[in-house]
Amino acid sequence: MSDPDEHRAAIAALVYAYAERLDAGDLAGVAALFADATLRGGRSGRAPRGRDAVLALFRGTVRLYDDLPCTKHVITNLVVTLDGDRASSRCAFTVLQARPGLPLQAILAGRYHDRWQRHGGSWRFAERLVLADHLGELSRHTLPG
């Protein structure tokens, strides 16, 4: 893969994979994306690094209903900047949720700022910074604490 558009597409696929896995309740799959990465931001102020730490964070914060968070992450405005075996990206996200007694609504909106590293021809997360710009009704999405 030497075409810059192919690199951008590979990174975009990983950004979207994060959203798809999280919406599917695949917390282990989300954590696998961060096997060699740090996840920063959020209410906890923690910066877990690696698969096990990220999995523990998600298991301790994301409320699941029959193994699903009942959310839809919408990713927009994705911009990828390449620099050899490193890259950065930024995008906007909106999290929608609906539950019995909770009509469909935006519960969270913000930005992801990501750093990427290429290993053996494949792109991997190096770091994700989550910047929450707007908070809505999160009580049915996050666990207490």
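**View 1. Asp133 and its partner Arg111.** Asp133 is partly exposed in this predicted model, with a relative accessible area of 37%. Its side chain meets that of Arg111 in a salt bridge, at 2.8 Å from N to O. Asp133 sits in strand E5 (residues 122-135) and Arg111 in strand E4 (residues 102-119), so the pair ties together parts that are 22 residues apart in sequence. Arg111 is partly exposed too, with a relative accessible area of 34%.

**View 2. Asp114 and Arg128, a buried pair.** Here the side chains of Asp114 and Arg128 meet in a salt bridge, with 2.7 Å from N to O. Asp114 belongs to strand E4 and Arg128 to strand E5, so this pair ties together parts that are 14 residues apart in sequence. Are these two buried or exposed? Asp114 is buried, with a relative accessible area of 2%. Arg128 counts as buried as well, at 0% relative accessibility.

**View 3. Arg51 and Asp52.** Zoom in on Asp52 and you'll find a salt bridge with Arg51, where the closest N and O atoms are 2.7 Å apart. Asp52 is exposed, with a relative accessible area of 58%. Arg51, at 35% relative accessibility, counts as partly exposed.

**View 4. A salt-bridge network.** Which residues are linked in a network of salt bridges? They are Arg40, Arg115 and Glu127. Across the whole structure, the count of salt bridges comes to eight. As background, side chains of opposite charge can pair when their charged atoms come close.

**View 5. Arg46 in its loop.** Arg46 has its place in the loop between strand E1 (38-41) and helix H3 (51-61). Leaving aside residues up to four places away in sequence, Arg46 touches Leu39, Arg40, Gly41, Leu57 and Thr61. One of these contacts, Arg40, also turns up in the network with Arg115 and Glu127. Arg46 is partly exposed, with a relative accessible area of 46%. How far apart are Arg46 and Ala13 in space? From C-alpha to C-alpha it's 26 Å, while in sequence they are 33 residues apart.

**View 6. Two cysteines, Cys70 and Cys91.** Cys70 is partly exposed, with a relative accessible area of 25%. Cys91, at 5% relative accessibility, counts as buried. How many disulfides does the structure hold? The answer is zero. For anyone new to the term, a disulfide is a covalent bond between the sulfur atoms of two cysteines.

Conventions:
Residues numbered from 1 in each chain as written. Predicted model: local features only at pLDDT ≥ 70, side-chain atom pairs only at ≥ 80, totals over all residues. Heavy atoms only, no water. Disulfide = S-S within 2.5 Å. Buried < 20%, exposed > 50% of the residue type's maximum accessible area, 1.4 Å probe, protein only. Helix = DSSP H or I, 4+ residues; strand = E, 2+ residues; numbered from the N terminus. Contact = heavy atoms within 4.5 Å. Salt bridge = Lys/Arg side-chain N within 4 Å of Asp/Glu carboxyl O.
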